[in-house]
Amino acid sequence: MKIYTPSEIKEVEKIDIVSFCEAKGIEVIRTGHKYYRLAEHDSLVINTHSNYFVWNSQQVAGNVINFVQSYYDCNFYKAMQILTAETFSTTNIEKQIKEQFIYDINTVDDTSKIERYLDKRGISTYLSSLLIGLGLINQDDKGNVVFNWFKDEEIVGYTLNGVYKYKDKKTGKRKYYKKIGANSELDYGFNFTFGNKNNADNLYIFESEIDLLSYLTLFPKKAKNSTFLSMNGLKNQTVLSFIIDYFRVNYDVYKNIYLCVDNDEAGLNFIKTMKDSYEQQLKGTDKVLKFSIDIPEKRDNEVKKDWNDIAVSFND
């Protein structure tokens, strides 16, 4: 099985998503100056300025590799094979002007609504109070939870999480409203460190903020000298960004990197991709990148299990 180097992956990521679709006969419809959507999946929107897609109904987003994985329902290796089998047009997003992130949230001092919500989701009241006090979590004027993405003491993005469930018109399922702030930093997410971020021993990675907080509620002793990161989905590039930033400062890798994703098909495929694609010695160094797995156990009759399921069960 071919191991793709980080530079090879970076080159593939430059492939223009719209051009790829047109070359593969996937019909796209222009809906604005920089936006396209798929004719067959109108909730899948492509931003040509950032070469990034969001598939709202499936709650997935990412670059061209993630697009191919999502559209063809395939793993990382198959996506790379598809993208390298022929020549596609590329885009130079570095030369494009990135729209500025604006923190457009109206926060309120009274956080009682989100505190009740987090308690209902099984989150430790001590933990939620601590993060609210540090400004990592806010309540907006509509009663939503705001998870602030900090980078070097600056907010570079946020995730909004509703406190009440609504019925999705397309799927019929009840779920919590969730939204990533416009122009939030790419390949980043909600994160914090207990200790010095640049010298943390451990990196714990989750699919969502609620799963992250659930895990810390269940295992508070794991907080020591550790960084916790929510990807808001399954985004290998977000994980790699944190690993690269750490390496630039320390010329080293985290002692332990834990993939704490959902125990379901998508989560297990993500684990396989990370281990198969990136678990190797870093080129030109003696540093070896390794991933450990820490996922919740599920019964034979269960399709999915996440860390919030466990936290809620302990809270009942």
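This is a predicted model: local features need pLDDT of at least 70, side-chain atom pairs count only at pLDDT 80 or more; totals for chains, interfaces and linings use all residues.
Me: Is Lys24 buried, partly exposed or exposed, and at what relative accessibility?

Reply: Lys24 counts as partly exposed, at 34% relative accessibility. Residues are numbered from 1 along each chain as its sequence is written, and side-chain values use heavy atoms, with hydrogens and water left out.

Me: Which residue does Lys24 meet in a salt bridge?

Reply: A salt bridge here is a side-chain nitrogen of Lys or Arg within 4 Å of a carboxyl oxygen of Asp or Glu. Lys24 pairs with Glu86, at 3.3 Å from N to O. This pair links distant parts of the chain, 62 residues apart: Lys24 is in the loop between helix H2 (17-23) and strand E1 (28-30), and Glu86 is in the loop between helix H4 (76-84) and strand E6 (107-108). Helices (H or I, at least four residues) and strands (E, at least two) are DSSP runs, numbered from the N terminus. Glu86 is partly exposed, at 39% relative accessibility.

Me: How many salt bridges are there by this rule?

Reply: The count comes to 16. One of them joins Arg248 to Asp245, with the closest N and O atoms 3.4 Å apart. Both residues lie in helix H8 (residues 236-250), three residues apart, about one turn of the helix. Arg248 is exposed at 66%, whereas Asp245 is partly exposed at 29%. There is also a network of salt bridges that links Asp252, Asp286 and Lys287.

Me: What should I look for in aromatic pairs, and how many does the whole structure hold?

Reply: Rings of Phe, Tyr and Trp (its six-membered ring) pair if their centres lie within 6.5 Å; planes under 30 degrees apart count as stacked, over 60 as edge-to-face and the rest as tilted. A search of the whole structure finds 25 such pairs. Tyr204 and Phe228 are stacked, with 4.9 Å centre to centre and 10° between the planes. Tyr204 belongs to strand E12 (residues 202-206) and Phe228 to strand E13 (residues 226-230), so the pair ties together parts that are 24 residues apart in sequence. Tyr204 is buried at 4%, and Phe228 is buried at 0%. Tyr215 and Trp307 give an edge-to-face case, 5.0 Å centre to centre with 80° between the planes. Tyr215 sits in helix H7 (residues 209-218) and Trp307 in helix H10 (residues 307-315), so this pair ties together parts that are 92 residues apart in sequence. Tyr215 is buried at 0%, and Trp307 is buried at 6%.

Me: Which residues do ring pairs link into a cluster?

Reply: Among them are Phe147, Tyr204, Phe219, Phe228, Tyr258 and Trp307. Phe219 also has Lys222 over its face, at 4.7 Å from the ring centre. A charge sits over a ring if NZ of Lys or CZ of Arg is within 6 Å of the ring centre and within 35 degrees of the ring normal.

Me: What does the chain look like as a whole: how many helices and strands does it have?

Reply: The chain has 10 helices and 15 strands. Its C-alpha trace spans about 55 × 50 × 45 Å along the principal axes. Of the 316 residues, 47% count as buried.

Methods: Buried means under 20% relative accessible area, exposed over 50%, partly exposed in between (1.4 Å probe, protein chains only).
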